[in-house]
Amino acid sequence: MNESANRMTEPGTPPTNSAVADWLGEDAYRYWELIRQLIEQSYPGVFTPEWLYGGKKHGWSLRYKKNRSFCTLVPEKNRCALVIVFGTDERAKVEAIKSGLTTKTRMEYDGTATYHDGKWLLLVIDTDSVVEDVMLLLAAKRRPINAKDA
């Protein structure tokens, strides 16, 4: 992998788990795996993660999609990042839960520009609190299969 950049940009075959672990480092890889496990637990059998190559500039990312994009994990050098795109209806759901998010995540969300195709939120997953925020945001995008009716 290209060690001089923040992204895994070596074209060819998708990175292996061990290459991702080496690239992310121990702490970030723990969050990478935790998010993957939580998505699988909350949405069993819904998504088949797919590696995408975005060229030398964007490198490799792991997309979760069923009909439309759900989220994308981005292995960056020594950090785990996640992209979630919120459409109009989904943004209304986020507004309804925003008070339950950490201040950092609320600020990131509020500071993210909205484009014609949605609000593209990039979060660095570096604390357990951010993991909890991510799961709340993903639930706003698509209700978890194991969610209890309130």
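Helices (H or I, at least four residues) and strands (E, at least two) are DSSP runs here, numbered from the N terminus. Keep in mind that this is a predicted model: local features need pLDDT of at least 70, side-chain atom pairs count only at pLDDT 80 or more, and totals for chains, interfaces and linings use all residues. Residues are numbered from 1 along each chain as its sequence is written, and side-chain values use heavy atoms, with hydrogens and water left out.

Start with the fold. The protein chain has six helices and six strands. From the N terminus, the order is α-α-β-α-β-β-β-α-α-β-β-α. The radius of gyration, taken over C-alpha atoms, is 15 Å. The globule rule (2.2 Å times the number of residues to the power 0.38) gives close to that, 15 Å for 150 residues, so the chain is as compact as a globular protein of that length. The C-alpha trace spans about 45 × 30 × 30 Å along its principal axes.

Next, contacts, meaning heavy atoms within 4.5 Å. Take those between residues at least 6 apart in sequence: 59% join residues at least 24 apart.

Now burial. Buried means under 20% relative accessible area, with a 1.4 Å probe and protein chains only. Of the 150 residues, 43% are buried.

Last, the cysteines. What is a disulfide? It is a covalent bond between the sulfur atoms of two cysteines. The cut-off here is a pair of cysteine sulfur atoms within 2.5 Å. How many does the structure hold? Cys71 is in none; its nearest cysteine sulfur belongs to Cys80, 10 Å away. Cys71 is buried, at 0% relative accessibility. Cys80 is also buried, at 0%.

Definitions and conventions. Buried < 20%, exposed > 50% of the residue type's maximum accessible area, 1.4 Å probe, protein only.
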